[in-house]
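Trainee: Could we go through this structure together? I would like to ask about a few details.
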Amino acid sequence: MFSTDTHARFVATRGYKKGVLAQINALILAHKSRVALAQLDETGRADVGLTPEDVKNELARPLWDVPAAWRTR
């Protein structure tokens, strides 16, 4: 799963600007993060401090609903 900081470093090191490419990248990272989240077992969720309800809510979000920091890079 990618954190907001990981995404910011990824974008910064590759010189992406605001625009379509950055938006597509954010969608791809959101999808990968949510797939990884869906695959966590109970122990993995506990390690990152998430309840089953937290996971359910995150997975129900639309793909384009990403953290604001991801959209401003």
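Trainee: Which backbone atom does the side chain of aspartate 41 reach?
Mentor: In this predicted model, the side chain of aspartate 41 reaches the backbone nitrogen of glycine 44, at 2.8 Å.
Trainee: And where is aspartate 41 found?
Mentor: Aspartate 41 sits in the loop between H2 and H3. Its relative accessibility is 48%, so aspartate 41 counts as partly exposed.
Trainee: How far apart in space are aspartate 41 and proline 52?
Mentor: Their C-alpha atoms are 9.7 Å apart, and the two residues are eleven residues apart in sequence.
Trainee: Let us move on to arginine 45. Which helix does arginine 45 lie in?
Mentor: Arginine 45 belongs to helix H3, which covers residues 42–47.
Trainee: Is arginine 45 buried or exposed?
Mentor: Arginine 45 is buried, yet it has no salt bridge. The nearest side chain of opposite charge is that of glutamate 42, 4.9 Å away.
Trainee: Why does that not count as a salt bridge?
Mentor: A salt bridge requires the side-chain nitrogen to be within 4 Å of a carboxyl oxygen, and glutamate 42 is 4.9 Å away.
Trainee: What does the side chain of arginine 45 reach, then?
Mentor: The side chain of arginine 45 reaches the backbone oxygen of leucine 40 at 3.5 Å. Leaving aside residues up to four places away in sequence, arginine 45 touches Leu40, Leu50, Thr51, Pro52 and Val55.
Trainee: Now the salt bridges. How many does the structure hold?
Mentor: The structure holds three salt bridges. In one of them, the side chains of glutamate 58 and arginine 34 meet at 2.9 Å, N to O. This pair links distant parts of the chain: glutamate 58 is in helix H4 (residues 52–60) and arginine 34 is in helix H2, 24 residues apart.
Trainee: What about arginine 61?
Mentor: The side chain of arginine 61 meets that of glutamate 58 in a salt bridge at 2.6 Å, N to O. Arginine 61 also forms a salt bridge with aspartate 65, with the closest N and O atoms 3.1 Å apart.
Trainee: Which residues of H2 are buried?
Mentor: The buried residues of H2 are Ala22, Asn25, Ala26, Leu29, Ala30, Ser33, Arg34 and Leu37. Seen down the axis of H2, these buried residues fall within an arc of 165 degrees, so they line one face of the helix.
Trainee: Which exposed residues are on the face of H2 turned away from its buried side?
Mentor: That face carries the exposed residues Val20 and Leu21.
Trainee: Lastly, the whole chain. How many helices and strands are there?
Mentor: The chain has five helices and zero strands, and its pattern along the sequence is α-α-α-α-α. Of its 73 residues, 22% count as buried.
Trainee: What about its contacts?
Mentor: Among contacts in the chain with a separation of 6 or more, 70% are between residues 24 or more positions apart.

Methods:
Residues are numbered from 1 along each chain as its sequence is written. This is a predicted model: local features need pLDDT of at least 70, side-chain atom pairs count only at pLDDT 80 or more; totals for chains, interfaces and linings use all residues. Side-chain values use heavy atoms; hydrogens and water are left out. Helices (H or I, at least four residues) and strands (E, at least two) are DSSP runs, numbered from the N terminus. Buried means under 20% relative accessible area, exposed over 50%, partly exposed in between (1.4 Å probe, protein chains only). Lys and Arg count as positive and Asp and Glu as negative; His and the chain ends are not counted. A polar contact is a pair of N or O atoms within 3.5 Å; within protein, one must be able to donate a hydrogen and the other to accept it, and residues adjacent in sequence count only if both atoms are side-chain atoms. Contact means heavy atoms within 4.5 Å. The arc is that of the directions from the helix axis to the C-beta atoms.
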